[in-house]
Amino acid sequence: MDALEIARWQFGITTVYHFMMVPLTIGLGLVVAVIQTAWFRTGKPEYLRMTKFWGKLFLINFIMGVATGIVQEFQFGMAWSEYSRFVGDVFGAPLALEALLAFFVESTFLGLWIFGWKQLKPAIHLACLWVAVIGSALSAYFIIVANSWMQHPVGVQMVNGRPVMTDAWAVFTNNTALVAVPHTLFGALAVAGGFLLGIAWYHLWRRRHDGVDTVGADGRVIPGEDTRIPGRDRADYSVWIRSLRIGAVVAMISFAGTAVTGDLQGKLMFQQQPMKMAAAEAACHDGTGFSVLSVGNVGSKNCDDVVAVIEVPGILSFLAKGDFTTEVKGVNSLLPEYKEKYGSTVPDNPIYGDRAGQEIQYVPVMEVTYWGFRMMIGFGGLAALAALVALWITRKGTVPESRWLMRLAVFGILAPFGANAAGWIFTEMGRQPFVVAPNPDPSGIDQVFMFTAAAVSPGVSAGELIASLVALTAVYAVLLVVEVKLLVTYIRGGVVSAMPELGHAPTDENEDETPGPDGGSKPADDVLAFAY
Amino acid sequence: MELLPTIWFIAIAVLWTGYLFLEGFDLGVGMLMKLFARNNTERRVLLNTIGPVWDGNEVWLLTAGGATFAAFPLWYASLFSALYLPLLVVLLALIFRAVAFEYRGKVDTDSWRNRWDWAIALGSFLAAFGVGAALALTTTGLPLNANGDREGGPMAWFSGYALLGGLAVVGFSLLHALAFLALKTDGDVRHRARQWFVRLLPVLLLPIAAWALAIQFLDGKPWTWAAVVLAVGAAATAWLLARRGSEGRAFLFLGAFLVLGTASIFGAVFPVVLPSTLDSAFDLTISNASSSNYTLGLMSIVAAFGLPLVIAYQAWTYWVFRRRVSAAHIPEAHSFLPAIAAKAFTTKG
């Protein structure tokens, strides 16, 4: 592996990892804000409990997104200095604006929310969470504007070999971004939906398993109370059934949202990145059919090896153009076009090192694009279907006693994560060999493009990149274990783990047995809601 | 002289100053977790003084980085790639530190807390040192070739200035944190922080003063020399005020020292943003490293509204959490959940 490949692995690993935390942050943040609003308006105790419990899990996850996000901003300059030099005039602005207009808002108002339970009036405290959630969504917008410019460069002119922004409106309303933003936000909500559904299912199951909740002759649930464990009362039942239903509904709505926006993205991709479209299909020849299953050597550069086993005619045309007859170009017809427009061999420029003069591989790695595309749709659809089934199964108020079904619900949490990761891997790998993909629109600026091979830092050695790849991957792996273990612990503990005021440990004899009203045991001049 | 690049040079200097001012004390508090606090309650006092604000403070770093990328892409690209390994250390330090703040109190065992306390202390130290080294090197130069790439291998950036800059920010952060703790806590911690502040001020400010002076000897202008003199005056005033027990004013004068000090440094190197030690023809300046006027103009408009807004709501946060924290306020560690958590995280041996 040379520096370029190491840098690409590093970017891929750190970004996919970062984007495990981010969708949960965005989606769960919105859900918690809605729940706290419900508590604010109704004053029902179960909404407060839900706010505290889901809020706690939100924070455990949030911090990982923050911590790994800094790496993202720094590594453009560190590992991709030529890229940074080339695109800085247009790409830097959304990044700077993301920090200035979104990250400040998110971090500051979340700090107020975490520590301000007692200092702020309830309405203001709630407003702080909403502002932080809006900040998260805004950061998604800015970073996707930046990413979309790499997919579909607009609003620039070439000056001295570099694109220079001439039309900020075009950059910030890039149609690629305008559909990718809602797609990403719905994808994030899908993650939150599955998260609520799986965890709530687990708790309803445990209440049944422990005999707290029982089922009457008509199959309806009879919620009960377990006095041995603090907080395991009837309100606790409401917490979980409501969470389950909210989760299932959110999962279904967000899948519908990703489907509609994804469809719009497909149509843009057909115009803007035809090779990515062909690679999504592993399609060599022009055609109209969408392959449900292809066999053979999908990744073969000689793509005549690919045999579509199940193919639905017309669907690919529908994805691309909205009809059933448009011929979607395959790799074989696109290759000559790309070679003619962007050259067939890597330019003789020292920046390309050993790659100079070699043939340019315009076809992305098709195993990745073909299966990435299908995993995205498959995981997303599966999660939505599971949510629908879950609503049906729990229509009488609780979950079945089956342990396997519970495990399925819990592991189902991973499906929307998988869909998110697969979608991003597809769209980023499908752009290769370009880091800035050319915009083929006749009215566009066709010479604005950059090969990934030209983007890496020329002054940074492969050794440095290996050091950072190993260090970051190892640290990320350790922290993932810690985060998941913490999440599992707090999930198992239930609401009381986020609301110790609900009770005391049964074993803790020394503690005052009467849990006073909220904060009653604390000094009257409580200066902040101590989170640390 | 170009107006917009100059404005953005000043804006980036302001962002770095804001970063050092705000994160300065929370980095320092992080280091003091191991150097100053004597028991878990004191450590929790320290943590809760910065709890609501440290994350917002850290965004100043992200904004400084992002603004450099947007306004001076060539500066960003050359500086960040040349300092690959030290910045990697900064990133790892910031990751551990951030996670440690959030996770430290989530399990109720001493070994768990101790591990994260080290992550906070070392993470704060390495982040402060690395940022200081990077800032010093952007003022004194790196071995850059005509393309702006580092020559001479992974450690070619290292010089005495890297060490000086690292110590400068570590020293300042520690002192700033002592001033902050004297202002934000009560009881024994407050008292000791003030004592330490008075005793250690000359030592802790020595490296940053040396850096500012070295820059003046290299590139000083009359007004930047004056700024250094004023900065020293501000530090002396802070010392006198702290001795008299005016904690709030001592904190402010130390802040004035920082503002004047960074102004003297950035002002002296202007209009060069990153000199090349190989050939001054390869120096990056505000003219040859900047974005187009269109981009800078757009960013100026947004920043003109955005930055005052940020300062306003961050100031409001400090107002909301203005009360002093003391050991008496620290409640018992959560008794129920951490008991379960401790079981899950206790491994034999």
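Predicted model: local features only at pLDDT ≥ 70, side-chain atom pairs only at ≥ 80, totals over all residues.
Residues are numbered from 1 along each chain as its sequence is written, and chains are lettered from A in the order in which they are written.

In chain A, the axes (lines fitted to C-alpha atoms over the stretch in contact, with angles from 0 to 180 degrees between N-to-C directions) of helix α1 (residues 3-42) and helix α14 (residues 462-493) come within 9 Å and cross at roughly 20°. The helices α1(A) and α14(A) are therefore roughly parallel to each other, a term used for angles under 35 degrees. Helices here are DSSP runs of H or I with at least four residues, numbered from the N terminus.

The two chains also meet, in a contact that takes 76 residues from chain B and 78 residues from chain A, where residues are in contact if their C-beta atoms, placed from the backbone, lie within 7 Å. Several helices of chain B, among them α2 (40-50) and α11 (293-320), each supply at least two residues of the side that touches chain A.

Of the 11 residues of α2(B), 9 are buried, so this helix is largely enclosed by the rest of the structure; buried residues have 20 or more other C-beta atoms within 10 Å of their own, with C-beta atoms placed from the backbone. Among the buried residues of α2(B) are Glu42(B), Arg43(B) and Leu46(B), and the buried residues pack against helices of chain B including α1 (3-35) and α6 (110-140).

Technical notes:
Parallel < 35°, antiparallel > 145°, perpendicular 65-115°, else oblique. Buried ≥ 20, exposed ≤ 12 C-beta atoms within 10 Å, placed from the backbone.
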